[in-house]
Amino acid sequence: MGNSLVLQDVGISYGKRKIIENFSATPFAAGELVCLLGPNASGKSTLMRAIAGILPHQGQISLHSEDETSFSGKTLRRHLGYVPQDIPRHAVLTAYETVLISARRAGAFLASGNSTTLGKAVRATSSRKPTAAETATATAASSSSSATTATTAPERNFDPHWRAAEVMEQLGITHLSNRLLVELSGGQRQLVSVAGALAMEPAVLLLDEPTSALDLAHQLFLLDHLRKRGRGRNTITLVAIHDINMAARHADQLLFLQGGRCVAQGHPAKVLSSALISQVYGVHAEVFQHSGQHFVAPQAALR
């Protein structure tokens with residue numbers, strides 16, 4: 001059956017102002033890529049931050065594992081990877097050091113003796129022989145990295161250097177390893193941040209507009225990679241995004257928010273309609289299918 005993320009009767013406020021109220025959704029299943037959609041200020045980022053444990057909330061936000069263990073609050077945060085919408089750019093770290101820090105957190109979690117079913121993906125890949133490219137990346141970057149330390153005994157089966165090199169190679173950013181974050185473009189920093197989240201091998205991956213600074217080719221590549229990786233590792237992946245067509249192309253489920261509430265959830269073929277786009281965005285649009293994909297063609301604003 002796998003893991004599932006449950007959101008039931010969730011409420012989130014900034015002071016006295018309610019942003020999310022009585023939010024409930026069908027549980028998100030392991031291996032699913034779910035795209036959160038909605039206009040500006042509909043609550044997408046707020047919901048992400050609450051799931052990540054950054055904002056206090058009412059109601060239930062919990063992760064249920066296949067062995068019927070439930071995680072919430074601080075215990076849930078140990079199984080999350082989160083990339084915010086606003087990515088810091090002034091940290092005096094290289095791209096490799098940034099990813100390595102996240103990989104070390106995953107290693108420390110395993111070394112602490114945690115052996116829930118949520119960690120299967122980490123342990124299953126920890127003994128894989130690194131590729132030549134990963135070896136070169138880890139060796140070159142770690143030799144010049146101020147974050148380099150000897151691997152402790154409990155972590156020898158999980159080498160954070162190889163894990164950092166692995167995800168950077170998979171995202172095609174090994175050439176950025178020794179460059180400082182401040183030297184990178186917005187899109188490059190986004191990819192580095194995603195690599196850091198992936199290096200933690202989370203059970204739940206939260207990405208807030210991870211494609212906003214990427215060109216078209218990188219948008220397609222990243223979302224395709226996240227979908228394939230999530231299915232292969234049973235990761236629950238939530239992506240907040242504005243591009244409806246990109247979401248419909250890659251997502252297993254679309255979840256539309258309006259005024260802090262879930263107004264539609266399901267497979268793109270089932271939920272996309274002209275009426276829904278008009279209701280949520282105030283836009284007249286045509287919804288059609290081409291080559292097995294569903295598309296939204298906006299025609300005019302109704303406001």
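1. The loop between β5 (58-64) and β6 (70-71) holds Glu 68. In this predicted model, phi of Glu 68 is near 70°, a positive value in a residue other than glycine. Most residues other than glycine have a negative phi. Glu 68 has 76% relative accessibility. Exposed means over 50%, so Glu 68 counts as exposed.

2. Ala 41 is another residue to check. Its phi is positive, about 65°, although Ala 41 is not a glycine. Ala 41 sits in the loop between β4 (33-37) and α1. With a relative accessible area of 79%, Ala 41 is exposed.

3. Next comes helix α1 (residues 44-51). Six of its eight residues are buried, so α1 is largely enclosed by the rest of the structure. The buried residues of α1 are Lys 44, Thr 46, Leu 47, Met 48, Ala 50 and Ile 51. Just after α1, Gly 53 takes a positive phi of about 85°.

4. Which residues does Leu 206 touch, leaving out those up to four places away in sequence? They are Met 48, Ile 51, Ala 52, Leu 80, Gly 81, Tyr 82, Val 83 and Leu 238. Two of these, Met 48 and Ile 51, are among the buried residues of α1. Leu 206 itself belongs to strand β8 (residues 204-208). Leu 206 is buried, at 0% relative accessibility. Leu 206 and Ala 52 are 154 residues apart along the chain, yet their C-alpha atoms are separated by 7.6 Å.

5. Now the chain as a whole. It has 11 helices and 13 strands. Buried residues make up 50% of its 303 residues. Among contacts with a separation of 6 or more, 70% join residues 24 or more positions apart.

6. The largest nonpolar core has 49 residues. Leu 254, Phe 256 and Ile 277 touch the most other members. Helix α7 (residues 186-199) gives the most to this core, with seven residues. In soluble globular proteins, nonpolar side chains tend to be buried together.

7. Not counting residues up to four places away in sequence, Ile 277 touches Ile 244, Phe 256, Leu 272, Gly 282, Val 283, Ala 285 and Val 296.

8. Val 271 lies in helix α10 (residues 268-271). Its relative accessible area is 13%, and Val 271 is buried because the limit is under 20%. Leaving aside neighbours within four places in sequence, Val 271 is in contact with Leu 254, Phe 256, Gln 265, Gly 266 and Leu 276. Val 271 and Leu 254 are 17 residues apart in sequence, and 7.6 Å apart from C-alpha to C-alpha.

9. Is α7 parallel or antiparallel to α8? The axes of α7 and α8 cross at roughly 5° and come within 13 Å. That crossing makes α7 roughly parallel to α8. From α7, the contact uses Leu 191, Val 194 and Leu 198. From α8, it uses His 218, Leu 222, His 225, Leu 226 and Arg 229. By class, these are five nonpolar, two polar and one charged. An α-helix has 3.6 residues a turn, so residues three or four places apart point the same way.

10. Helix α6 (residues 160-170) also packs on α8 (residues 216-233), and their axes come within 11 Å and cross at roughly 130°. Therefore α6 is oblique to α8. The α6 side supplies Glu 166, Val 167 and Gln 170. The α8 side supplies Phe 221, His 225, Arg 229 and Arg 233. This contact has two nonpolar, two polar and three charged residues.

11. Arg 163 is in helix α6. Arg 163 is buried, with a relative accessible area of 3%. Its side chain makes a polar contact with the side chain of Glu 201, at 3.5 Å.

Key
Residues are numbered from 1 along each chain as its sequence is written. This is a predicted model: local features need pLDDT of at least 70, side-chain atom pairs count only at pLDDT 80 or more; totals for chains, interfaces and linings use all residues. Side-chain values use heavy atoms; hydrogens and water are left out. A nonpolar core is a set of buried Ala, Val, Leu, Ile, Met, Phe, Trp, Tyr and Cys residues joined through side-chain atoms within 4.5 Å. Buried means under 20% relative accessible area, exposed over 50%, partly exposed in between (1.4 Å probe, protein chains only). Helices (H or I, at least four residues) and strands (E, at least two) are DSSP runs, numbered from the N terminus. Contact means heavy atoms within 4.5 Å. Axes are lines fitted to C-alpha atoms, for helices over the stretch in contact, and angles run from 0 to 180 degrees between N-to-C directions. Angles under 35 degrees count as roughly parallel, over 145 as roughly antiparallel, 65 to 115 as roughly perpendicular and the rest as oblique. Ala, Val, Leu, Ile, Met, Phe, Trp, Tyr, Cys and Pro count as nonpolar, Asp, Glu, Lys and Arg as charged, and the others, Gly among them, as polar. A polar contact is a pair of N or O atoms within 3.5 Å; within protein, one must be able to donate a hydrogen and the other to accept it, and residues adjacent in sequence count only if both atoms are side-chain atoms.
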